[in-house]
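Dear colleague,

I am passing on the structure below, together with some notes on one helix pair and a few overall figures. Please read the notes with the coordinates open beside them.

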Amino acid sequence: MAVSAFRNGCLPIFHLPPQLPRSARKVNGRSKAFRFPLFARYSQTQDVFSSRLQTSVENLPKLVEDIVQTSINTGPKGALRLVQGIQAFVGVSGEWLADVSKSTNTSAGLPPQLQLGLISPLYLRRLFERLGATYIKLGQFIASAPTLFPPEYVEEFQNCFDRAPAVPFQDIQTIIREELGRPINSVYEYIDPTPIASASIAQVHGARLKGSQEDVVIKVLKPGIEDILVADLNFVYIVARILEFLNPELSRTSLVGIVKDIRDSMLDEVDFYKEAANIESFRRYLEDMGLTRQATAPRVYQHCSTKRILTMERLYGVPLTDLDSISSLVSSPENSLITALNVWFGSLLACEIFHADVHAGNLWLLRDGRIGFLDFGIVGRISPRTWAAMEVFLTSIATEEYESMASALVEMGAANKDVDVKAFARDLEKIFSSIQELDTEIVVATSSGTNTNATAISANLVVDERQMNALFLDVVQASESYGLRFPREFALLMKQLLYFDRYTRLLAPNLNMLQDQRISIVSNRRSKSYGANKYQ
């Protein structure tokens, strides 16, 4: 409707009736019959316009107040971020122009990505990466929220990499000294000046504690990152408020509410007190369930941890994608994977939080054979009701019972209308019929390849992950066509399952994650009172 209105050269709210023809101006029975409905239509249009105008006028003071208050909270740092944003925009624009120049030399014409310019998924993702921490996290949010964003953007932002140059060690030392409030050498025997990792928000250094001589890692919030986040998130909030003011229909999408959720999530990541609490919660879950011999999370050293620095036990191990190293540590990589699956599935209800970012950098096989869960900056929480529906959904995938699968999705999603479960089930069956072909391709590629080292296998898995992401998006799109809207936890859960699916194809290609009796998706955790009633 909106597109056709623009093509006709006017906005819907300003669309007035056409000029009355001369013949209709004569006063006769037929003319009156024509004029009165037309006048009614005109009056209705005017009423709608007046109503919207009145609402806008009433909301204007609140909008201005929000903009002024947000600008005050942002302060001078907003101007600096504006300059940095312009630099990022110019840089990506240069990349786009260079790519356009290359394409104009071919007879194929400009591909769709280039035609869209900087709003295309590819160049928008590059712009987000140049803009730094806030927009990288926003890109990762887009990648994990297929119910909110178009599939092309969700798929492209799967490649939004969180990488940043290291902050000089002198600056890191200054932050640590300020946070500790005492000399560094009174707490640490040694800090390695070369960082283990450097991302947009934080930098990690290896260290050794004074006295106990324990090996630790120090996660340090980069200088100025909080100011950048506040400035960026305030800007995004103002844009959302203005968009909802200009187009009240957007309020139905809860745009401002979504922005607030993103803001809260990002600000949680720069508060290491909250990450420390997440780690301690997961460690208590492992202890309560008797799983400390199977898995662990790093111990937090509270006496040298603050909001901006987090000192943790250093764990030594290898990512679950390093097949060669895993085979040298344990006799059965499959058993290690099963342990990881059982611990993670168990945490969904028996723990206050579940780990919501189990990529290879955060899930390790340790030297002692245990599974190590690292980095609890991104976590999720799920209600028993949602997980009950999720269990039915997963079981239905394994048994190919599509009506049960459809019913489970309806139970999880907020529907604004009655859903035809049988028709929904038929659509899901068409989507999932592609899995068999996908599995065959992966097995053949792995077994018949002449080079079967870990690098070759991983390359095959990257392709497979994209296919699985595409499958997930198909399910979401089919669900949306029936009026379903899923909570963000559903997307977080599905993303972790895709990670585990990748590990399964690498470490245990014959394992069926959803049907194997050794994997306890429904386990005895329901009999535990630790977390079962927490979110009722």
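In this predicted model, helix α14, which spans residues 384-399, packs with helix α15, residues 402-412, at an angle of about 160 degrees, and the two axes lie 8 Å apart. Since angles over 145 degrees count as roughly antiparallel, α14 and α15 are therefore roughly antiparallel to each other. Their crossing is left-handed.

As for the residues that make up this packing, α14 contributes Arg385, Thr386, Ala389, Met390, Val392, Phe393, Ser396 and Ile397, which meet Ser404, Met405, Ala408, Leu409, Glu411 and Met412 of α15. Sorted by class, the contact between α14 and α15 comprises nine nonpolar, three polar and two charged residues.

Turning to burial within α15, the buried residues of this helix are Tyr402, Met405, Ala406, Ala408, Leu409 and Met412. Viewed down the axis of α15, these buried residues fall within an arc of 160 degrees, so they line one face of the helix.

Of the contacts between residues at least 6 apart in sequence, 67% join residues at least 24 apart.

Definitions and conventions. Residues are numbered from 1 along each chain as its sequence is written. This is a predicted model: local features need pLDDT of at least 70, side-chain atom pairs count only at pLDDT 80 or more; totals for chains, interfaces and linings use all residues. Side-chain values use heavy atoms; hydrogens and water are left out. Axes are lines fitted to C-alpha atoms, for helices over the stretch in contact, and angles run from 0 to 180 degrees between N-to-C directions. Helices (H or I, at least four residues) and strands (E, at least two) are DSSP runs, numbered from the N terminus. Angles under 35 degrees count as roughly parallel, over 145 as roughly antiparallel, 65 to 115 as roughly perpendicular and the rest as oblique. A crossing is left-handed if the near helix is turned anticlockwise from the far one by less than a right angle, and right-handed if clockwise. Contact means heavy atoms within 4.5 Å. Ala, Val, Leu, Ile, Met, Phe, Trp, Tyr, Cys and Pro count as nonpolar, Asp, Glu, Lys and Arg as charged, and the others, Gly among them, as polar. Buried means under 20% relative accessible area, exposed over 50%, partly exposed in between (1.4 Å probe, protein chains only). The arc is that of the directions from the helix axis to the C-beta atoms.
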